[in-house]
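Hi,

Here is the structure I promised to pass on. Have a look at it first, and my notes follow below.

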Amino acid sequence: MTIKLKLDVEAAICQKLTMILKEQIGEQVETATAEVVDDAIIVRFKGILPPAERIMAKKEDGMELIKELKEKLIEKIKPLLEQTIKELTGAEVVDIHSSFNPETGERIEIFTLNKNLKDVF
């Protein structure tokens, strides 16, 4: 994988997934970074909590509600995320691992793929 092409793909992934999060589930992302690692893509989104959710996250029951909501919302858009990754990389998504931390306002998505992208680009 050449550095330029790898960086282009990572930038496109950040841009597209940030747009999907905003348009489909209303998440405003402050920053996004993506890293292609062999047959996986790791995407980290920072600053996705709006002010009202930041206030709720200060209490344990509020954190649990936010976490549950975010998990349900991401489940609904997984097919769109898979399709987007396939369009950008040419690889099929085998699995998606999602993690959201309401204390930090960060979301991590790990996409495992059916081929090693190091061999593709």
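**The sheet and what packs on it**

β2 and β4 run antiparallel and are joined by six bridges. Before I go on: this is a predicted model, where local features need pLDDT of at least 70, side-chain atom pairs count only at pLDDT 80 or more, and totals for chains, interfaces and linings use all residues. Residues are numbered from 1 along each chain as its sequence is written, and side-chain values use heavy atoms, with hydrogens and water left out.

Helices (H or I, at least four residues) and strands (E, at least two) are DSSP runs, numbered from the N terminus; strands pair if DSSP finds at least two bridges between them. The open sheet has four strands in the order β1-β2-β4-β3, with antiparallel pairing. Its edge strands are β1 and β3, each pairing on one side only. Within β4, I108 stands opposite R44.

Then there's the core: a set of buried Ala, Val, Leu, Ile, Met, Phe, Trp, Tyr and Cys residues joined through side-chain atoms within 4.5 Å. Buried is under 20% relative accessible area, exposed over 50%, partly exposed in between (1.4 Å probe, protein chains only). The largest nonpolar core has 29 residues, of which L17, I41 and F111 touch the most other members. α1 gives the largest share, seven residues.

E53, in helix α2 (residues 51–56), counts as buried because its relative accessibility is 14%. Beyond its neighbours within four places in sequence, E53 is in contact (heavy atoms within 4.5 Å) with I66, L69 and K70.

Cheers
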